[in-house]
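Welcome! Here is a structure to look at together, with a few questions on how its labels come about.

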Amino acid sequence: MSKTNKAEVVLTNKNYVAESKTRNHFLVIDEPVASGGDDNGPTPVEYLLTALGGCVSITLRMYAERKGWDVGKITVNVSQKEELTSEGVKKTLVEDISFENEITEEQRKRLLIIAGKCPVAKMIKGETEIVSSIQ
């Protein structure tokens with residue numbers, strides 16, 4: 001099975017404003033004013049964090065539905081932490097996942113494993129090759 005997801009991103013001549021089109025959706029990417037942008041949209045990193053949180057929540061919902069578990073609303077807060085170590089700056093993505101309804105300890109353990117199996121998490125962990133070219 002072959003599947004292609006794609007997005008076209010065009011950086012305009014206005015500071016760092018980039019416009020992206022994916023399927024029938026348009027997105028704006030920018031940097032904060034403090035970084036030289038105009039703050040017209042989320043930064044690329046904020047979109048990555050959003051993509052991860054969205055993917056994790058959807059993956060968890062799909063799994064819970066298959067199991068017949070009513071977990072209620074799923075909230076995923078994703079943040080990037082930076083820590084200065086002896087090897088340099090270490091960046092870590094932190095996911096805080098919560099469910100509206102009570103879950104058992106067994107469900108908690110299984111859902112935590114499933115969260116790491118969402119396609120975006122797998123991409124971030126380095127399981128996807130990136131091939132770049134300049135036309």
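The questions below set values against their definitions.

This is a predicted model, in which local features need pLDDT of at least 70 and side-chain atom pairs count only at pLDDT 80 or more, while totals for chains, interfaces and linings use all residues. Residues are numbered from 1 along each chain as its sequence is written, and side-chain values use heavy atoms, with hydrogens and water left out.

Q: What makes up the protein in terms of helices and strands, and in which order do the elements run from the N terminus on?
A: The protein has three helices and five strands, and their order is β-β-β-α-β-β-α-α. Here a helix is a DSSP run of H or I with at least four residues, a strand is a run of E with at least two, and both are numbered from the N terminus.

Q: How does the radius of gyration of the protein stand against that of a compact globule of 135 residues?
A: Such a globule would have a value near 14 Å, but the protein has 18 Å. The radius is taken over C-alpha atoms, and the globule rule is 2.2 Å times the number of residues to the power 0.38. Along its principal axes, the C-alpha trace spans about 50 × 45 × 30 Å.

Q: How many disulfides does the structure hold?
A: The structure holds zero disulfides. Cys55 is in none, and its nearest cysteine sulfur, that of Cys118, is 3.0 Å away.

Q: Where does Ser57 lie, and what does it touch?
A: Ser57 lies in helix α1, which covers residues 44–67. Leaving aside residues up to four places away in sequence, Ser57 touches Ile74 and Val76, where contact means heavy atoms within 4.5 Å. Ser57 has a relative accessible area of 18%, so it counts as buried.

Q: How far apart are the mean positions of the positive and negative charges?
A: The mean positions of the 18 positive and 20 negative charges are 8 Å apart. Lys and Arg count as positive and Asp and Glu as negative, while His and the chain ends are not counted. Each charge is placed at NZ of Lys, CZ of Arg, CG of Asp or CD of Glu.

Conventions
Disulfide = S-S within 2.5 Å. Buried < 20%, exposed > 50% of the residue type's maximum accessible area, 1.4 Å probe, protein only.
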